[in-house]
Amino acid sequence: MISLNFHGCAQVVVEEPEFTEVIENVTVPAGRNVKLACSVKNLGSYKVAWMHFEQSAILTVHNHVITRNPRISVTHDKHDKHRTWFLHISNVQEEDKGRYMCQINTVTAKTQFGYLHVVVPPNIDDSLSSSDVIVREGSNVTLRCKATGSPTPTVKWKRDDNSKIAINKSLSVLDWDGDTLEVSKISRLDMGAYLCIASNGVPPSISKRIKVSVDCKYKPSHLFLTLF
């Protein structure tokens, strides 16, 4: 831009770079690829950098990738009226979530943020969950089902044959919420397969089948002989 100063002389006024659009917040399932866009006008000789705010990590500066993370790359659209700088993340992982900052290196740096949400389908950790079990009739049994994912999954218990779960003598339910299922004074009627089902709104849900066998108590029979 050309303007006149108070002496009547022409002078060139350099316009400061500005962001032209906000960075959109993005939600992506783990394992997918994602692209964040930062659009700038009047960039001139200034440079654009991408950073992961929570990790205090510089990812890219202009055309150069700074991070050693091989899943990160950067491109820009030279033909766009407002030049757009794209941060690419391939095979997104849960640790990639957080705020991403686009910065212009003006004297007072100009910044804007976008948030990356990473969702992870539920998974059941077998090492922290119950396996098939044999219990004595009349004893108590506790089944555990540890699920991970993002958002945190909820766990529901059902019997494989859709019959009711006898929690105790006075309470029977078709399903039970929580990662722990406790059955008091189990009987032979309670034996069978139990399902723990984990879900968090990110498909697919997942289930684990746990077989409960009951070692029944038999009263000894008595044989009476009558002698004549």
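Me: Which residues line the largest pocket?

Reply: First, the general idea. On a 1 Å grid over the protein atoms alone, a pocket is an open set of points with protein on both sides within 12 Å along at least five of seven lines, and lining residues have an atom within 4 Å of a point. Here the lining consists of Arg159, Lys164, Ala166, Asn168, Lys169, Ser184, Lys185, Ser187, Leu189 and Asp190. One caution about the source: this is a predicted model, where local features need pLDDT of at least 70, side-chain atom pairs count only at pLDDT 80 or more, and totals for chains, interfaces and linings use all residues. Residues are numbered from 1 along each chain as its sequence is written, and side-chain values use heavy atoms, with hydrogens and water left out.

Me: What volume does the largest pocket have?

Reply: A volume is the space filled by probe spheres set on the grid points, which are joined across faces, edges and corners. For the largest pocket that comes to about 150 Å³.

Me: How many residues of that lining are nonpolar, polar and charged?

Reply: Sort them by residue type. Ala, Val, Leu, Ile, Met, Phe, Trp, Tyr, Cys and Pro count as nonpolar, Asp, Glu, Lys and Arg as charged, and the others, Gly among them, as polar. The lining of the largest pocket has 2 nonpolar, 3 polar and 5 charged residues.

Me: How many helices and strands does the protein chain have?

Reply: Both are DSSP runs, numbered from the N terminus: helices are H or I with at least four residues, strands are E with at least two. The protein chain has 0 helices and 22 strands.

Me: How many disulfides are there?

Reply: Look for a pair of cysteine sulfur atoms within 2.5 Å. That rule gives 2 disulfides. With the bonded cysteines numbered in sequence order, the pairing reads 1-2, 3-4.

Me: Which parts does the pair Cys38 and Cys102 tie together?

Reply: Start with the bond. The sulfur atoms of Cys38 and Cys102 are 2.0 Å apart. The torsion about their S-S bond is about -80°, so this disulfide is left-handed. Cys38 sits in strand S5 (residues 34-41) and Cys102 in strand S11 (residues 98-104), so the pair joins parts 64 residues apart in sequence.

Me: And the pair Cys145 and Cys196: left-handed or right-handed?

Reply: Read the torsion again. It is about 55° for Cys145 and Cys196, so that disulfide is right-handed. Cys145 lies in the loop between strand S14 (141-144) and strand S15 (147-150), and Cys196 in strand S21 (residues 192-199), so this bond ties together parts 51 residues apart in sequence. The sulfur atoms of Cys145 and Cys196 are 2.1 Å apart.

Me: Is Cys38 buried or exposed?

Reply: Cys38 is buried at 0%. Cys102 is buried too, at 0%. Cys196 is buried at 0%. Cys216 also counts as buried, at 17%. Across the protein chain, buried residues make up 32% of the 228 residues.

Me: Where is the peptide bond from Ser150 to Pro151 on the cis or trans scale?

Reply: Look at omega. The bond from Ser150 to Pro151 is cis, with omega near 0°. Pro151 is in the loop between S15 and strand S16 (154-159). The peptide bond from Pro203 to Pro204 is cis as well, with omega near 0°. Pro204 is in the loop between S21 and strand S22 (206-215).

Definitions and conventions
Buried < 20%, exposed > 50% of the residue type's maximum accessible area, 1.4 Å probe, protein only. 1 Å grid on protein atoms, 1.4 Å probe; cavity = no way out; pocket = protein on both sides within 12 Å on 5 of 7 lines; lining within 4 Å.
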